[in-house]
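Student: Please take a close look at one part of this model for me, the pairing of charged side chains, and go through it carefully.

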Amino acid sequence: MCKRVILEYLDILILYVIMLIAEMIMRMMCDMTLFNLQSLIFNTCIYLMISSFILLFKGKLRAIITILMSLFFTGYCFAQSLHYAFFTSLFSYRKLTVINELFEVKGEVIDKLDYHYLIFLLPLLLLFSLKLRKPQEIKRRKHFILIIILLPLCLMIRYGLIQYLRADYLKDKSWNKDYYLHEVMQNRIRFMERFGVLEYNVMDMKMTLKPSKVEYDEKMMGELDEFVMRHSDYEINEMSDVFKGKNLILILCESLDENAIRKDITPTLYKMATEGVYFSNYYAPIYQVATGDSEFIANTGMLPSIDYGTTSYTFNLNSYPYALANLFKDNGYDAKSFHSYTANFYNRESIHESFGYSVFYDMDKLGLERWEDYKDTRNWIEDEKLFDKVLDYTDTDGPFFDFVVTVGGHMPYYSSRSELKDNYEYISSLEKYQNLSDESKYYLSAQMLLDQGLEKLLEELKDKNLLEDTIIWMFADHYPYGIKSDTAKKELLSYREGEDIYRVPMLIYGDNLNSLRVNTYSSTFDIYPTLLNMFGIESDGYYVGSDIFSDDLHMVIFEDRSILTDRFYFDADEDILSAVGDDKIDKSDTEYYLECDKKVNDIFEYGQKILLSDYYKEKGD
């Protein structure tokens with residue numbers, strides 16, 4: 001009898017083991033804690049509820065359902081591991097809004113794969129023990145009795161655990177408690193560690209099904225009004241109005257790293273970095289989508305969507321009256337944006353229109369043709385060709401503001417990128433680079449495309465007598481996560497560890513600008529207030545960051561609510577507060593952290609509500 005029962009429920013047991021092994025592999029690949037008792041309990045409760053569903057079916061159909069679920073569990077854990085390899089974060093179902101982009105960059109995804117991922121075949125080997133045949137039967141009545149027992153029992157255990165965590169949370173209402181984490185999912189890696197893959201799926205689906213537009217009552221709108229007032233104050237300082245009336249070219253530099261700024265191979269970049277204003281502690285945190293969110297943050301100063309899909313898709317039709325383009329236009333500027341790829345990628349044309357740009361020029365509008373051997377997401381149109389067109393489509397009769405999104409530095413970094421051939425051969429001919437790996441050489445070759453584009457831009461500005469009256473502001477969208485091999489990572493990125501991987505270049509260059517190195521800790525959020533202050537343009541909109549040259553609170557905020565300042569780093573994953581440098585944390589540092597922590601939590605709570613309510617449209621701004 002006992003053997004018969006085991007055989008009847010063997011498929012249920014095997015599926016459970018497959019799920020546990022797949023999750024264990026994912027945890028290992030994503031540098032998570034391998035085992036957590038709390039997550040095991042949540043996983044088991046939800047799995048038993050799933051088993052209740054499986055028990056409703058018989059024979060081959062039940063075996064097919066079990067196999068499909070095994071494939072889903074393993075595939076899901078594999079996909080999360082691959083996403084982590086790109087972005088050091090876990091994805092949400094809401095990120096399916098960019099599924100089109102995934103297909104467009106499938107070549108990059110394939111390039112990221114290596115033999116390590118074959119380990120995900122291990123749990124699937126257990127599928128061979130499942131046979132597509134009618135299993136030994138236990139009376140259906142016993143199945144229903146088991147279901148009637150399992151479902152309420154598992155629901156009660158899960159509910160009891162959540163209430164236990166809630167009681168602990170209510171003692172001090174700290175956002176760092178597990179109950180807050182469970183309800184808000186502010187740190188997805190920590191959530192996966194503490195609650196497991198099945199509870200992650202349950203809560204992620206729950207949040208995904210929440211409406212992306214919400215109407216708030218008068219009380220909540222009043223709270224948002226108060227929040228906006230607290231985050232829209234400007235402070236006059238020594239850099240106020242220094243660029244007032246000048247033209248602005250704001251350039252987002254794809255995957256630019258400070259290691260690519262070299263006198264011998266990127267002389268224009270080197271000249272601009274050493275003769276202009278260089279921000280040595282500038283960080284580009286990654287949120288849901290790296291480049292798209294960097295564009296949104298720089299243009300609006302606002303927090304992008306964290307839990308409600310990709311910002312450029314979910315909130316592209318929101319009102320952004322205080323975005324840079326709208327403000328510059330209000331001050332008499334011509335404002336246009338440029339990119340040498342397609343308009344629909346990241347829904348750029350739509351959201352750039354919402355930002356206030358009168359035209360978004362993509363590769364088609366600029367007349368940039370693909371060459372014969374060109375392959376989407378493998379090859380990219382050279383930045384020199386992009387910059388050659390920018391001023392042709394700019395109204396230079398009055399002050400202008402151009403926003404340029406480059407692609408030359410984009411991955412992949414290998415020989416099939418025929419546009420890198422000449423740069424690669426030049427780098428290989430230099431003695432100091434001959435021992436570099438090919439991937440490192442191709443990465444530097446890609447950044448040479450940016451340098452050649454900038455050289456072209458400076459020539460065009462000089463020829464049109466615009467250089468003296470134009471400020472070029474450049475920032476990297478994210479660190480070069482497209483670098484694949486450990487060898488190349490060691491050669492190019494090993495000098496930075498932990499949160500410092502997000503430290504990337506930002507600089508300001510002008511014809512008569514004095515050289516200045518700024519060591520203040522800053523991030524993409526700080527571009528908006530700093531830029532507006534230097535150009536003497538006022539804004540009544542809320543912004544997350546602070547003017548880098550002000551005496552305000554300066555901090556770098558990461559998606560998981562980790563915080564970096566010149567005094568401390570708070571690792572939200574590990575819940576560890578540590579000093580920056582060799583000093584130890586003292587009482588004043590702890591008080592400073594608590595001040596930062598409160599501000600960060602307000603930013604995440606109210607920042608999302610501003611997007612959800614389409615706040616500025618509701619206010620009639």
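Tutor: A salt bridge here is a side-chain nitrogen of Lys or Arg within 4 Å of a carboxyl oxygen of Asp or Glu. The model is predicted, so local features need pLDDT of at least 70 and side-chain atom pairs count only at pLDDT 80 or more, while totals for chains, interfaces and linings use all residues. Residues are numbered from 1 along each chain as its sequence is written, and side-chain values use heavy atoms, with hydrogens and water left out.

Across the whole structure, 24 salt bridges are found. Four residues, Glu-226, Arg-230, Lys-598 and Asp-602, are linked in a network of them. Within it, Arg-230 meets Asp-602 at 3.6 Å, N to O; because Arg-230 belongs to helix α11 (residues 218-230) and Asp-602 to helix α22 (residues 587-613), this pair ties together parts that are 372 residues apart in sequence. Helices are DSSP runs of H or I, at least four residues long, numbered from the N terminus.

Asp-602 also pairs with Lys-598, at 3.3 Å from N to O, and these two sit 4 residues apart in α22, about one helical turn. Asp-602 is buried, at 16% relative accessible area, whereas Arg-230 is partly exposed at 41% and Lys-598 is exposed at 55% (buried is under 20%, exposed over 50%, partly exposed in between, with a 1.4 Å probe and protein chains only).

Elsewhere, Glu-460 bridges to Lys-456, with their closest N and O atoms 3.8 Å apart. Both residues lie in helix α19 (residues 438-463), again 4 residues apart, and Glu-460 is buried with a relative accessible area of 15%.
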